[in-house]
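Please read this briefing with the sequence and the 3D view side by side.

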Amino acid sequence: MGLTQLPTAQIEKELKEMPGWAIVDGKLRKEFQFDDFIQAFGFMTRAALHIEKMNHHPEWFNVYNKLIVDLTTHDAGGITQNDITLAKTLNSLL
């Protein structure tokens, strides 16, 4: 499931319902900012539980209160429904 690359038009339609997400370098990207490191790390911990259940792991980079998340499905060579679903899940955890 979710291993078919989505057409750009469909991704752009989905982005309208995904605040903060954009296509950057062929990946879905969002930059999260929290009040401090503890809040950023707490979010990453909550997210990890959902990520592991989906078995769909993001590329992410954390420095202090900032977290950059990139989503793509390497096996499909681009953005898939799995990436959209994970982005919406991450937004729901805020």
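A residue is called buried when its relative accessible area is under 20%, exposed when it is over 50%, and partly exposed in between, using a 1.4 Å probe and protein chains only. With 22% relative accessibility, K27 therefore counts as partly exposed. This is a predicted model, in which local features need pLDDT of at least 70 and side-chain atom pairs count only at pLDDT 80 or more, while totals for chains, interfaces and linings use all residues. Residues are numbered from 1 along each chain as its sequence is written, and side-chain values use heavy atoms, with hydrogens and water left out.

**Surroundings of K27**

- K27 lies in strand β2, where strands (E, at least two residues) and helices (H or I, at least four residues) are DSSP runs, numbered from the N terminus.
- Leaving out residues up to four places away in sequence, K27 touches A22, E59, D70, L71, T72 and I79, and contact here means heavy atoms within 4.5 Å.
- Although K27 and G78 are 51 residues apart in sequence, their C-alpha atoms are 6.9 Å apart in space.

**Two packed helices**

- Helix α2, residues 37-54, packs with helix α3, residues 81-92, at an angle of about 150 degrees, and their axes are 10 Å apart. That angle makes α2 roughly antiparallel to α3, since angles over 145 degrees count as roughly antiparallel, under 35 as roughly parallel, 65 to 115 as roughly perpendicular and the rest as oblique.
- The axes are lines fitted to C-alpha atoms, for helices over the stretch in contact, and the angles run from 0 to 180 degrees between N-to-C directions.
- On the α2 side, F43, A47, H50, I51 and M54 meet N82, T85, L86, T89 and L90 of α3. Sorted by class, this contact of α2 with α3 has six nonpolar, four polar and no charged residues; Ala, Val, Leu, Ile, Met, Phe, Trp, Tyr, Cys and Pro count as nonpolar, Asp, Glu, Lys and Arg as charged, and the others, Gly among them, as polar.

**The loop between α2 and β3**

- H56 is found in the loop between α2 and β3, the latter spanning residues 59-63, and H56 is buried, with a relative accessible area of 8%.
- Apart from its neighbours within four places in sequence, H56 is in contact with I51, T72, T73, N82, D83 and L86.
- N55 is placed in the loop between α2 and β3, and N55 is exposed, with a relative accessible area of 56%.
- The phi of N55 is near 55 degrees, which is a positive value in a residue other than glycine.

**Aromatic residues**

- W21, F32, F34 and F43 form one aromatic cluster, where rings of Phe, Tyr and Trp (its six-membered ring) pair if their centres lie within 6.5 Å, and planes under 30 degrees apart count as stacked, over 60 as edge-to-face and the rest as tilted.
- The ring centres of F32 and F34 are 6.3 Å apart and their planes are at 10 degrees, so this pair is stacked.
- F34 and F43 form a tilted aromatic pair, at 5.2 Å centre to centre and with 35 degrees between the planes.
- F32 counts as buried at 4% relative accessibility, and F34 is buried with a relative accessible area of 12%.
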